[in-house]
Amino acid sequence: MSRPDASPLYLGLDLSTQQLKARSTAAIVVDSHLETVAQAKVDFDGDFGAKYAVHKGVHARASTGEVYAPVALWMDSLDLVLARLAAAMEPLPMGRIAGVGGAGQQHGSVFWSARAEELLAALDPRRPLAEQLAGALAHEWSPNWQDQSTQRECDAFDAALGGRERLAAVTGSGAHHRFTGTQIMRLRRVLPDMYARTVRISLVSSWLASALMGAIAPLDVADVCGMNLWDMPNQRYSDELLALAAGGGKDDAEALRAKLGEPRIDGGGSMGTISPYFVSRYGFSAGCQVVPFTGDNPATVLALPLRPLDAIVSLGTSTTFLMNTPAYRPDGAYHFFNHPTTAGHYMFMLCYKNGGLARERVRDALPAPKEQGGTGWETFNKAVFDTPPLGMSRPNGHDRAKMGLYFPLRETVPNLRPGTWRFTCRSDGSDLRQTNDGEGWPAETDARIITESQALSMRLRSQNLVHPPRTGLPAQPRRIYLVGGGSVNPAIARVVGDVLGGADGVYKLDVGGSACALGGAYKALWALERKDGETFDELIAGRWKEEGSVERVDEGFRGGTYQRYGSVLGAFEEMEKRLLAEEHEEGHGAGRT
Ligand code: XUL
């Protein structure tokens, strides 16, 4: 009789609002060879919409800009996703799961009461979490990353150290509505009793780890950087910023430091074993380890062996550009976080508001083909392929390069009001001019220009982080991985390759439902199986099978074309500067996202 397989399995959980379509909790179990053996999912609206009256997993209050989620919904989701997972694992026992890792939406926070530790430690496996942990919360809501209620606090944060760029130099980001420091500062102002009752504050990632451990888990090394409170160059909380969020005084700052607790600097290893609640209720083994959980974006860079010089472009409703880099070059328009696993490395992130939605608007404005009722992506893609780079039919003649900004929503990168602007310049980037309304170009040209301009913005902001991948090549990423809804679009893949290059090509990353849950599972594997000094990338690269995980969708770097875009990069930056200056003069530059 053959002995049952007892080799270890690793579970990754994701609690976020940004999964491809669903706002959900996802669970993925992998084996030591990175093969997925089981998956389960809970949909916040579909499974709990009636009980919690949430829309896309949250409540929104238009009058204040607040967006927040009921923490009890996450407790119910955790119970349900594990029940579904245990069923999906059959006939494999949950007891083979050696480690749990995972991800939570960034910036969101949970405010614990004085009874938290006691209630977490005494969970009764016969009753659901939500029934037992209500008293563990000082605030039943968690501010969500889509919240916009903290303008006043953002202004204070940006001013605190002598300007937004200085704040970015210290914390890796300028002030943002969603960042936890500004959220804590506001909640202290509007709910002072709640703040006073709060004994500990978790981020969503450490909240999830806490629930699983039955004890409050430390904040994670990458996620702690999404608060505007962590001093990146010195790798400690900023005393000034703690004091600002906490109410001014030194004692207030110390009280907030105690509520947050010191983060765990090692992204690997174990934080402790899983709580007996999950052992009795779902069949986990008592020795199952909980590893540090991280933010959903940091977890995404762990869904594959992402080397320095590789980039991920996530093409959803919004666009996110992620890189693993040893360089720290902060700027008020983007983000640097500590890398979730590799000390001395950073995760660079650009977060655009206007991505897929803006492209859809351009698509819908295209003349509809006669045989169809409306315009689809085929029409958009044909227009992209039929239009030459920068819309220049005769690049060496008198044709001018075309570029534009298409922002249905107020953008963060750069911080510019909604609008559509079209510009042209000479092929060497000189003589930049705005086209007047009505004398622009045909709608078909917009399809190419919006796609290029979105990529040009990413190239502009990442240019100082890349170097030549091989002698003889210009500085550029080595590989570019596309994820999200837009990653299946061949025209976007082509333009990404044209503009951003990618010496080893452009790839579509196919990680199933949740890149973050997968990243969490890989992180658990690395955290528990790493040898002395073995990095995440080394361990995962050794076991990763490209086949089935990625598909090459474009050759990437094309000599000549790549340089042509390089020639107009300065003009692109100048276009943004002019529009920012215009907005400043008109005096409506107050918004921020
Ligand atoms: C990143 C951000 C979002 C959330 C989504 O700064 O706010 O991507 O992490 O869950």
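Modeller: Happy to! Let me start with W230, which is buried, with a relative accessible area of 2%. Please keep in mind that this is a predicted model. Y237 is buried too, at a relative accessible area of 1%. A search of the whole structure finds 18 aromatic pairs. In the pair made by W230 and Y237, the ring centres are 5.1 Å apart and the planes stand at 90°, so this pair is edge-to-face. The cut-off behind that label is an angle over 60 degrees between the planes.

A second pair is formed by W526 and F536: here the ring centres lie 6.1 Å apart and the planes meet at 75°, so this pair is edge-to-face as well. W526 belongs to helix α18 (residues 515-529), while F536 belongs to helix α19 (residues 536-543), so their contact ties together parts that are ten residues apart in sequence. Both W526 and F536 are buried.

F321, Y328, Y334, F336, Y346 and F348 form one aromatic cluster.

Now for the surroundings, beginning with the domains. The domain assignment of the protein gives domain 1 as 4-297 and domain 2 as 356-462 + 561-586. Between the C-alpha centres of domain 1 and domain 2 there are 39 Å.

Another aromatic residue, Y68, brings us to a sheet. Its bridge partner in β8 is P143. Strand β5 (residues 66-70) and β8 run antiparallel and are joined by three bridges. In general, the strands of a sheet pair through backbone hydrogen bonds, either parallel or antiparallel. The sheet here is open and has three strands in the order β4-β5-β8, with antiparallel pairing. Its edge strands are β4 (59-61) and β8 (141-143), each of which pairs on one side only. From one strand to the next, the twist averages 35°.

How values were computed: Residues are numbered from 1 along each chain as its sequence is written. This is a predicted model: local features need pLDDT of at least 70, side-chain atom pairs count only at pLDDT 80 or more; totals for chains, interfaces and linings use all residues. Side-chain values use heavy atoms; hydrogens and water are left out. Two strands pair if DSSP finds at least two bridges between them. Helices (H or I, at least four residues) and strands (E, at least two) are DSSP runs, numbered from the N terminus. Axes are lines fitted to C-alpha atoms, for helices over the stretch in contact, and angles run from 0 to 180 degrees between N-to-C directions. Rings of Phe, Tyr and Trp (its six-membered ring) pair if their centres lie within 6.5 Å; planes under 30 degrees apart count as stacked, over 60 as edge-to-face and the rest as tilted. Buried means under 20% relative accessible area, exposed over 50%, partly exposed in between (1.4 Å probe, protein chains only). Domain bounds come from an automatic or database domain assignment.
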